[in-house]
Amino acid sequence: MSDRLKRRLGTGALLTVSAVVLGACAENAPQDSLSPAGPYARQIDTLFRPVFWIAVAVFVLVQGLLLYAVFRFRHRGDRGIPVQVHGNRRLEIAWTIIPAMLLAGIAIPTVGTIFSLDRRPAGDVLDIRVVGHQWWWDVEYPTLGVVTANEVHIPAGRPVRLSLETEDVIHSFWIPRLAGKQDMLPGRTTTLNIQADEPGTYEGQCTEFCGASHANMQFLVIAQVPAEFDAWVQDQGRPAVAPAAGSPAAQGAEIFVRGTEVGSCVGCHAIEGVQGAEARIGPNLTHFGSRATFAGAIFQNNAENLRAWLDDPDSVKPGARMPDYNLTREEIEALVAYLQGLE
């Protein structure tokens, strides 16, 4: 091997190791599955760590032996053809039995963890139904009479049982710090248990490619102290408050129902307390103004982002199913005032 080739290989190895190390240096990693924030995520972490180090040991051993064989027995000009051997029965038995025993030892806690994670929690469990759409999430609390979108509110310290469905294609629901991934399959209902130790906001996303805006199908799990969660449920259970007559918000409410020549908002969206706004094609907007995000949790809920969304949805979220209604600037401002007032 020439010195030039050695230098190139050394430089390539150094760059590879540096890229891996630097890629692991994020100070703010909200989707860090190695930092579990609940009992179900900790179960996965407890299983992952010993399995990871076993895999590292096997990798180092196998690659070390391979490299040793490559360099120790490489072709040299002064050597002839190596002695040919049929095999080594003892060695072959050993490298068959040892991996089999190792895999069996890993399988026992793995299977136990799978069944434990799938079992319905005991005690006071909160049931939530989540339906995946291209590319947003419908969130329903069947026992509380609450419907929202893209943000899952839960009480901290209380187990939650999610029933997961999909309206169209396969999706996968993942909250790295609270639980593992769970596929959502057309025509089936799957389940996932989550629980947060402390109040906070936990980021999640779809992890099964589902179309043009797959990367834009995100959501938030917002864990609150029980009293705050109860207050949130009470607020969400109320119908939308009608805006003051003659205000920009009132004009927006009229446009929301009446629509334009292209169509109307009530053709897809529901708002409790608004006559005719009962459709469930798009997100329920009853308390849209109280949400931190919208459009699959990719935009902060503020006037600037909402204007851009209403002006041309597809330009800010590729493949968005929401049509462009060719709204005028005045109509957009009125709708922004109305929607942000739905708290």
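Of the 343 residues in this protein, 36% count as buried, where buried means under 20% relative accessible area, exposed over 50%, and partly exposed in between, with a 1.4 Å probe and protein chains only. This is a predicted model: local features need pLDDT of at least 70, side-chain atom pairs count only at pLDDT 80 or more, and totals for chains, interfaces and linings use all residues. Residues are numbered from 1 along each chain as its sequence is written, and side-chain values use heavy atoms, with hydrogens and water left out.

Now the overall form. The protein has 8 helices and 12 strands; these are DSSP runs numbered from the N terminus, helices being H or I of at least four residues and strands E of at least two. Its radius of gyration is 28 Å, well over the 20 Å from the globule rule for 343 residues, so the protein is more spread out than a compact globule. That radius is taken over C-alpha atoms, and the rule is 2.2 Å times the number of residues to the power 0.38. Along the principal axes, the C-alpha atoms fill a box of roughly 95 × 55 × 35 Å.

Two residues to look at. Is L65 buried or exposed? L65 lies in helix 2 and counts as exposed because its relative accessibility is 53%.

T293, in strand 11 (residues 293-294), counts as buried because its relative accessibility is 4%. Apart from neighbours within four places in sequence, T293 is in contact with E151, L220, F299, Q300 and N301, contact meaning heavy atoms within 4.5 Å.
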